[in-house]
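Colleague: Could you take one part of this model and walk me through it slowly? I am new to reading structures, so please go step by step.

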Amino acid sequence: MVDNIGNSPDSESRNCIAPGATSSTAYGDGCTIKEQDRLLPIANVGRIMKQILPPNAKISKEAKETMQECVSEFISFVTGEASDKCHKEKRKTVNGDDICWALGTLGFDDYAEPLRRYLHKYREVEGEKANSSNKASDTNARDEPSIFRSDPQRNQPLGSTSLKFNAIDRNDGSISRPF
Amino acid sequence: MRQAGTYSGLLSGGISGRTGPHSLPLARIKKIMKKSGEDVKMISGEAPIVFSKACELFIEELTLRSWMVTLQSKRRTLHKDDITAAVIATDIFDFLVQMVSDSGSRGPAPAEMET
């Protein structure tokens with residue numbers, strides 16, 4: 001049921017026409033391809049959805065398509081806010097801090113803090129890589145994987161990984177149920 | 001102060017740890033960012049990377065909220081209407097309300113919503 005095309009998310013050529021094509025408009029091929037550009041690949045989106053749900057859960061194709069649209073809208077919304085800030089501050093480049101700031105401003109505080117930490121780590125890694133490529137040291141192989149791969153040492157200070165999403169409880173009680 | 005437990009996956013890879021550094025294509029994210037407005041001219045290399053994580057969190061949150069609606073209707077298949085209901089019920093997803101309504105949802109959300 002899940003269209004598991006494979007896991008090289010950067011390869012965009014596979015998603016040319018049919019898979020992931022949004023159902024909301026049915027123009028000619030030119031517009032279908034254009035819509036591919038404004039949405040993230042359905043396989044990637046579907047995979048993230050599937051992984052957060054229990055194993056017996058199923059996801060309709062239309063739901064995945066809707067989620068694609070929602071994510072694109074999310075990106076536009078946050079980018080717009082970040083870009084406004086840059087514009088006001090007379091800066092030309094939207095950077096990671098602006099995105100984190102925008103997330104906090106728009107109500108996604110739960111994302112902002114962890115993403116700031118993530119960004120900080122990313123910058124450290126990039127800094128190390130830049131230094132080591134200058135010095136040709138032997139730490140090259142370790143640098144990139146450490147923040148992206150599972151690393152038991154890094155897990156310790158942050159506690160156990162849990163699927164429970166704190167953010168769900170923070171809002172109005174209308175749909176909250178104990179799970 | 002919120003526990004970082006849920007996000008330990010962030011720094012140790014989580015979903016991305018299995019599919020490579022990022023689970024969403026950075027070039028595509030960048031394209032979408034550029035389309036968001038006239039003002040968006042230059043984007044730093046790290047911005048799509050931050051977004052790739054942010055989008056993962058967003059998808060997870062919206063999916064879980066939608067799933068709660070699915071469960072209330074005693075189903076096991078997450079449908080578009082469940083997403084619509086979750087969007088309407090969540091303040092921070094107000095920016096999506098127009099979009100989920102416009103794309104012609106099939107009918108009233110199955111779950112009861114207090115407005």
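**A close look at F74(A) and its surroundings**

Modeller: Happy to! Keep in mind that this is a predicted model. Let us begin with chain A as a whole: of its 179 residues, 41% count as buried. Now find the largest nonpolar core, which has 58 residues. F74(A) is among those with the most contacts inside this core, and so are F108(A), F51(B) and F58(B). The helix that gives the most to the core is α4(B), with twelve residues. In general, nonpolar side chains in soluble globular proteins tend to be buried together.

Next, zoom in on F74(A). Its relative accessibility is 0%, and because buried means under 20%, F74(A) counts as buried. Leaving aside residues up to four places away in sequence, F74(A) touches partners including L103(A), Y111(A), A54(B), C55(B) and F95(B).

A second tilted pair is made by F108(A) and F93(B), with ring centres 6.3 Å apart and planes at 40°. Here F108(A) sits in the loop between α4 and α5 of chain A, while F93(B) sits in the loop between α5 and α6 of chain B, so this pair also joins two chains. To put the picture together, F74(A), F95(B), F108(A) and F93(B) are among the members of one aromatic cluster, which also includes F77(A) and Y111(A).

Technical notes
Residues numbered from 1 in each chain as written. Chains lettered and ligands numbered in written order. Predicted model: local features only at pLDDT ≥ 70, side-chain atom pairs only at ≥ 80, totals over all residues. Heavy atoms only, no water. Buried < 20%, exposed > 50% of the residue type's maximum accessible area, 1.4 Å probe, protein only. Core = buried A, V, L, I, M, F, W, Y, C linked by side-chain atoms within 4.5 Å. Helix = DSSP H or I, 4+ residues; strand = E, 2+ residues; numbered from the N terminus. Contact = heavy atoms within 4.5 Å. Phe/Tyr/Trp six-rings, centres within 6.5 Å; stacked < 30°, edge-to-face > 60°.
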